Amino acid sequence: ETIRRLPKAELHCHLDGSLRPSTVLELAQEQGVELPTTKIGPLTRLLEAGKRTKNLGDYLKIFDLTLAVMQNREALYRTAYELVEDCAAENVRHLEVRYSPILHRQKRLPFEDIVDPVIAGLRDAGAKYNMSTGVIICGIRSMAPKVSMELAELAVAYKGRGVLAFDLAGQEKDYPAKEHREAFQLILKHNINSTVHGGEA
């Protein structure tokens with residue numbers, strides 16, 4: 001209870017890793033997305049990392065379930081809003097949410113329809129719960145460096161409009177960060193903060 005009451009800053013929070021199992025189930029039903037199970041108990045276990053995740057690759061597969069239901073504006077807004085609600089219950093005062101818009105284009109949504117609703121969901125819930133929020137856009141190691149550059153350009157376009165930083169995430173084995181150097185050079189040129197996932201594998 002003491003820990004819950006303490007004010008906190010959450011600086012490394014993945015949007016697609018923070019969905020409520022009940023929301024995943026509801027969104028799947030609304031969108032006609034087939035899940036491995038429609039029972040909340042087994043679904044919750046599938047969404048949790050544990051003994052079955054032997055390596056980073058196993059862990060990243062969990063995100064396939066959440067990403068499947070995060071392919072429209074409404075779902076992106078809702079999941080961002082609910083994330084703030086859940087963090088508010090733990091007395092988080094500042095929340096930085098990272099995700100990669102490229103992973104939400106299965107239905108060919110334009111980038112603004114992927115970034116705007118997340119920023120809006122965070123902002124609206126943040127105003128309700130007195131929490132400051134921001135977005136960190138992630139490049140993906142296993143994708144071509146030109147994709148990271150495209151995402152870096154997106155971060156630049158949203159500088160001062162809800163995006164705080166640029167990140168590099170994803171599978172590390174065989175995908176060195178140095179391949180994405182140009183994206184980070186662009187970010188630094190525009191005086192935007194950056195983070196890099198490293199050593200997780």
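The following is a conversation about how terms are applied to this predicted model.

Modeller: In this predicted model, local features need pLDDT of at least 70 and side-chain atom pairs count only at pLDDT 80 or more, while totals for chains, interfaces and linings use all residues. Residues are numbered from 1 along each chain as its sequence is written, and side-chain values use heavy atoms, with hydrogens and water left out.

Colleague: How many disulfides does the structure hold?

Modeller: The structure holds zero disulfides. A disulfide is a pair of cysteine sulfur atoms within 2.5 Å. For Cys 87, the nearest cysteine sulfur is that of Cys 13, 5.1 Å away, and Cys 87 is in no disulfide.

Colleague: Is Cys 138 called buried or exposed, and what value decides that?

Modeller: Buried means under 20% relative accessible area, exposed means over 50%, and partly exposed is in between (1.4 Å probe, protein chains only). Cys 138 has 3% relative accessibility, so the residue counts as buried. Cys 87, with a relative accessible area of 8%, is buried too.

Colleague: What makes the contact between Glu 82 and Arg 20 a salt bridge?

Modeller: A salt bridge is a side-chain nitrogen of Lys or Arg within 4 Å of a carboxyl oxygen of Asp or Glu. For Glu 82 and Arg 20 the N to O distance is 3.6 Å, and the two side chains meet in a salt bridge. Glu 82 lies in helix H5 and Arg 20 in the loop between strand S1 (8-14) and helix H2 (21-31), so this pair ties together parts 62 residues apart in sequence. Helices (H or I, at least four residues) and strands (E, at least two) are DSSP runs, numbered from the N terminus.

Colleague: What other partner does Arg 20 have in helix H5?

Modeller: Asp 86 lies in helix H5, so its pairing with Arg 20 ties together parts that are 66 residues apart in sequence. The N to O distance of this salt bridge is 2.8 Å. At 27% relative accessibility, Asp 86 counts as partly exposed. Arg 20, Glu 82 and Asp 86 are among the residues linked in a network of salt bridges, which also includes Glu 26, Arg 78 and Glu 85.

Colleague: How many salt bridges does the structure hold?

Modeller: The structure holds ten salt bridges. One of them joins Lys 61 and Asp 58, where the closest N and O atoms are 3.9 Å apart. Both residues lie in helix H4 (residues 56-67), three residues apart, about one turn of the helix. Lys 61 has 54% relative accessibility and therefore counts as exposed.

Colleague: Why are H5 and H6 called roughly parallel?

Modeller: Angles under 35 degrees count as roughly parallel, over 145 as roughly antiparallel, 65 to 115 as roughly perpendicular and the rest as oblique. Helix H5 (residues 73-88) and helix H6 (residues 112-129) pack at an angle of about 30 degrees, with their axes 8 Å apart. H5 and H6 are therefore roughly parallel to each other. The axes are lines fitted to C-alpha atoms, for helices over the stretch in contact, and angles run from 0 to 180 degrees between N-to-C directions.

Colleague: What angle is there between H7 and H8?

Modeller: Helix H7 (residues 145-157) and helix H8 (residues 181-189) pack at about 15 degrees, and their axes are 8 Å apart. H7 and H8 are therefore also roughly parallel to each other.

Colleague: Where does Asp 174 lie, and what is its phi?

Modeller: Asp 174 lies in the loop between strand S4 (163-169) and H8. Its phi is positive, about 75 degrees, although Asp 174 is not a glycine. With a relative accessible area of 63%, Asp 174 is exposed.
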